[in-house]
Amino acid sequence: MLDTAPAVRAAEGRPGRRDPGPARPRRHRPWPYLLIAPTLAVIALLMFWPMAQIALMSFQKVGNRQLAGAPAESVGLENYRSILSDELFWQSLRSTVLFAVAAVTLTLVLGTLVGLLLNRLSRRMAALVSAGVMVAWATPPITAAIIFTWLFGTTGGVVNWLLDLLPDALVGGGWTDYNWFATPLRTYTVLTVCVVWQSFPFVAVSVLAGLKSLPAELLEAARVDGAGAWRAFWAITFPMLRPIFLVLLVLSVIWDFKVFTQLFVMSGMANRDAFNLSLYAYSEAFGGMNAKLGLGSAIAAVLTLLLLAVTAVYVRIMVRQGEVS
Amino acid sequence: MRFFKFAATATAIALAVTACGGDGGEDTAGGAPARLNVWMMGEGTPEQTAFLDGVEAEFRKKYPDTDVVIKYVPWPQVATTFQKAVASGEGPDVTEIGNTDVQSHIAQGNLADITDKVKGWSEAATLNKTALANDQADGKIYAVPWYGGVRGVWYRTDWFAELDIAPPKTWAELVAAAKKIQQEKGVPGIGAPSDQTNAILSFIWGNGGEVAVKEGDRWVGRLDQPQAKEAIDFYTGLVTVEKVAPEKYVGKNELQGPQQDFALGKLGMYIDGSWALKEMKKISDKDADKWGVFPIPAKNGGNAPVMAGGSDLAVWENSKAKDAAFDYITVLNNKVNAAKWADYSGFSSMFTDVKFTDPKLAPFTEIAANTKMVPLSAGWGDFEQNKKVIPNAVKAIMQGGSSAEELAKANKQADELLNP
């Protein structure tokens with residue numbers, strides 16, 4: 001969550017910067033920089049320094065002896081070579097990407113729909129619904145993961161019980177003992193439900209905030225011209241809120257790429273076929289008594305590079321669109 | 001956009017919280033330290049704290065000026081906590097260590113050599129010899145066994161009596177018993193979860209197989225040998241061939257289904273230790289008086305050797321108060337406290353002459369007569385708990401993989417991981 005505020009602030013600032021406004025002579029003012037300096041210093045200390053360490057360690061052998069003080073020896077590209085030739089790495093990468101695509105899509109669609117709903121509800125109902133969805137957002141990941149493991153469990157799990165009650169013609173039979181964590185596809189189905197449930201409220205509330213800032217006349221005019229809800233959304237709402245959607249997209253991609261806690265609780269180390277990159281990195285780096293922090297760093301570096309690439313692409317699209325409109 | 005303000009505030013709070021402080025213990029050199037840091041594994045319970053308070057009171061009769069500080073380390077954080085202790089030099093004085101991790105710690109030089117101290121401790125004479133062997137390297141002793149647990153097959157004495165089944169003595173009888181229960185009682189005959197290395201080992205050993213053997217100074221995998229393959233085929237076959245074990249435990253351990261189902265009367269048999277009794281009573285004690293235990297059978301009769309899981313006690317190499325630390329161990333694990341601890345925890349004491357008070361747990365004393373240690377390699381922890389090589393292979397086979405291929409892969413991993 002570290003990166004929420006700066007990214008959102010950037011989005012907020014964007015429309016203002018495009019606004020031509022009264023021409024003023026550009027002067028070099030130190031105040032803005034001084035004001036963000038403490039934040040930058042903290043972020044640099046807590047994020048950039050560890051990131052630099054990870055980059056360095058990914059080229060080194062760092063085990064228990066090195067942790068105890070022995071100098072780390074450089075191994076060149078050995079760590080990268082070793083993970084890239086590991087079948088499990090590619091399998092984890094595929095799971096990570098496919099999961100992110102599914103979860104991000106569902107989160108954005110569901111979040112937007114709920115945001116639109118909130119915008120149309122009366123003040124009191126909107127307060128009730130947003131309080132409800134915020135509970136999901138505020139639930140700690142580990143709590144959510146344990147709850148979902150129980151819901152989808154075989155002994156006393158509500159989901160299997162419910163599916164079994166439904167008519168067999170609708171959902172098929174034999175749900176009582178259905179093992180939701182037996183195969184990667186099933187595990188990721190539960191994981192997607194859990195992660196989407198937790199992350200759509202943020203999208204909903206952000207979209208709502210954007211909708212509140214839309215001039216009502218535009219939508220009214222569209223309605224007068226005979227545009228339905230679908231048309232009005234794509235012709236007016238979406239283009240106007242594009243910056244917000246882009247930020248939400250990038251943030252969701254970042255969050256869903258690095259999901260760890262929920263998967264660790266749901267299927268853990270005994271199901272390596274369901275690993276994602278985070279679990280793979282954890283298993284290589286910390287899992288045993290013989291730490292291999294160099295190898296773990298290399299996986300983390302690959303994950304970071306992937307995220308940076310995704311972010312860069314979208315930031316670029318965002319800037320381009322800013323120039324066009 | 002009040003929401004964004006909220007998000008920004010939350011971020012600021014998160015940043016502030018991460019900047020937490022560390023703790024450090026000050027020790028005086030030798031003699032009576034001002035403070036003795038004791039690390040216990042697990043979450044800790046009020047009962048355990050009360051037990052340890054009693055131990056501290058007894059310890060302070062000899063060290064009135066020493067403050068004993070207990071720190072509980074939850075099992076999932078054990079590896080990282082010890083890594084931090086090594087990296088920062090801020091370790092414990094006395095620590096509990098999972099017995100499969102002892103060799104890793106010795107190899108890393110984390111534990112003090114306590115050979116002479118153990119030899120001067122009169123009660124040490126009746127310590128379990130197999131367990132003590134696991135605490136040694138190059139003829140020196142680095143830890144002492146504290147408690148251990150062996151596994152047996154929990155079953156329903158009333159169902160066995162009703163269906164006229166005798167406790168199985170061979171694999172064939174085990175399958176026959178499971179089938180009969182499944183037919184007559186309408187519940188799965190036996191639980192065979194894939195993530196239960198220790199139980200699976202008993203089947204491999206009960207067929208004369210091995211995970212790995214030491215040749216020279218290298219561990220060589222034996223999982224691809226016929227005995228091991230036959231045992232794995234039997235265990236996975238409980239699910240795939242005989243269909244007496246349900247598919248719903250694939251990918252899970254004995255606590256993620258089998259234990260609950262057995263306690264609730266929805267499963268005929270499952271493999272677990274003596275400590276399971278108090279957990280099952282918490283789930284449902286309706287049928288508790290009908291639960292019984294028999295040893296895991298070997299293929300052609302007799303008890304299969306069982307892995308003695310458990311914990312040991314060690315003095316940390318960087319401790320500045322090694323004498324006081326060892327004295328604490330001799331109080332914590334004197335025979336009176338050992339008996340109290342066994343009854344509270346449900347784990348067997350590692351003194352051969354300290355027994356459980358509850359007669360239901362008596363079979364475990366018989367089972368414990370035939371224990372076997374896993375390969376004494378510094379890489380076993382990684383092989384068993386982190387990479388979970390056997391559970392992942394067993395899972396793949398239960399889901400239709402070829403046992404020859406999966407075991408060949410697992411064997412290759414054993415060759416790598418057991419020679420770190």
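**Entry 1**

I began with helix α14 of chain B, residues 335-345, where I found B:A338, B:W341, B:A342 and B:S345 to be buried. Seen down the axis of α14(B), these buried residues fall within an arc of 100°, so they line one face of the helix. I recalled the general rule: an α-helix has 3.6 residues a turn, so residues three or four places apart point the same way. The model I am working from is a predicted one.

I then asked which elements the buried residues of α14(B) pack against. They pack against α2 (46-59), β6 (144-149) and β14 (348-349), which belong to chain B. I also looked at the residue just after α14(B): B:G346 takes a positive phi of about 80°.

**Entry 2: a three-stranded sheet**

I next followed an open sheet of three strands in chain B, in the order β10-β7-β11, and noted that the pairing is antiparallel. Its edge strands are β10 (269-273) and β11 (291-294) of chain B, each of which pairs on one side only. From one strand to the next, the twist averages 40°.

How many bridges join β7 and β11(B)? I read four bridges, in the antiparallel sense, with β7 of chain B covering residues 151-156.

**Entry 3: domains**

I looked up the division of chain B and recorded domain 1 as 34-149 + 309-367 and domain 2 as 151-306 + 379-417. Taken over C-alpha atoms, the centres of domain 1 and domain 2 of chain B are separated by 29 Å. To the contact, domain 1 of chain B gives 16 residues and domain 2 of chain B gives 15 residues.

I asked which helices supply the side of domain 1 of chain B that touches domain 2 of chain B. Both α4 (102-107) and α15 (362-367) of chain B supply at least two residues each. The largest share of that side, four residues, comes from α15(B).

**Entry 4: the chain as a whole**

I counted 18 helices and 15 strands in its secondary structure. Along the principal axes, the C-alpha trace of chain B spans about 70 × 65 × 50 Å. A compact globule of 420 residues would have a radius of gyration near 22 Å, and the 23 Å of chain B agrees with this. Of the 420 residues of chain B, 50% count as buried. I noted finally that, of the contacts in chain B with a separation of 6 or more, 76% are between residues 24 or more positions apart.

Notes
Residues numbered from 1 in each chain as written. Chains lettered and ligands numbered in written order. Predicted model: local features only at pLDDT ≥ 70, side-chain atom pairs only at ≥ 80, totals over all residues. Rg over C-alpha atoms; globule rule 2.2 N^0.38 Å. Buried ≥ 20, exposed ≤ 12 C-beta atoms within 10 Å, placed from the backbone. Contact = placed C-beta atoms within 7 Å. Pairing = 2+ DSSP bridges. Axes fitted to C-alpha atoms, helices over the stretch in contact; angles between N-to-C directions. Arc of directions from axis to C-beta. Domains from an automatic or database assignment.
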